[in-house]
Amino acid sequence: MKTKDYMVLTLNLHVFGRRLRERYRKWIKVKDLANDLGISSRSAGKLLASLEKLGYVSRRANNVYEVISYKKC
């Protein structure tokens with residue numbers, strides 16, 4: 001029986017979303033995030049889709065997201 005080596009990672013999406021706002025330009029591609037994090041493009045796409053639901057990014061084109069900057073009151 002073959003076994004696969006893998007790691008399960010838990011990520012706080014709110015912390016990651018805030019860091020994304022601080023570090024990235026206005027636009028981010030799924031492929032670029034995947035390369036930066038060392039994960040698959042599919043996983044990066046799922047991550048960005050989750051961040052979109054939380055309001056940190058907005059999908060603008062196929063595989064391109066806009067990082068939504070927060071407004072200081």
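Mentor: Helices (H or I, at least four residues) and strands (E, at least two) are DSSP runs, numbered from the N terminus. This is a predicted model, in which local features need pLDDT of at least 70 and side-chain atom pairs count only at pLDDT 80 or more, while totals for chains, interfaces and linings use all residues. Residues are numbered from 1 along each chain as its sequence is written, and side-chain values use heavy atoms, with hydrogens and water left out.

Trainee: In what pattern do the helices and strands follow one another along the sequence?

Mentor: The protein has three helices and three strands. Read along the sequence, these elements give the pattern α-β-α-α-β-β.

Trainee: In which strand is E66 found, and is E66 buried or exposed?

Mentor: E66 is found in strand β3, which covers residues 64–67. Buried means under 20% relative accessible area, exposed over 50% and partly exposed in between, with a 1.4 Å probe and protein chains only. Because the relative accessible area of E66 is 14%, E66 is buried.

Trainee: With which side chain does the side chain of E66 make a polar contact?

Mentor: A polar contact is a pair of N or O atoms within 3.5 Å; within protein, one must be able to donate a hydrogen and the other to accept it, and residues adjacent in sequence count only if both atoms are side-chain atoms. Contact in general means heavy atoms within 4.5 Å, and, leaving aside neighbours within four places in sequence, E66 is in contact with K26, W27, Y56, V57, S58 and R60. The polar contact of the E66 side chain, at 2.7 Å, is with the side chain of R60.

Trainee: How are α2 and α3 oriented to each other?

Mentor: Axes are lines fitted to C-alpha atoms, for helices over the stretch in contact, and angles run from 0 to 180 degrees between N-to-C directions. The axes of helix α2 (residues 30–37) and helix α3 (residues 41–54) come within 8 Å and cross at roughly 110°. Angles under 35 degrees count as roughly parallel, over 145 as roughly antiparallel, 65 to 115 as roughly perpendicular and the rest as oblique. The two helices, α2 and α3, are therefore roughly perpendicular to each other.

Trainee: How far apart in space are R18 and S69, C-alpha to C-alpha?

Mentor: R18 has its place in helix α1 (residues 13–23), and R18 is partly exposed, with a relative accessible area of 41%. R18 and S69 are 51 residues apart in sequence, and their C-alpha to C-alpha distance in space is 9.2 Å.
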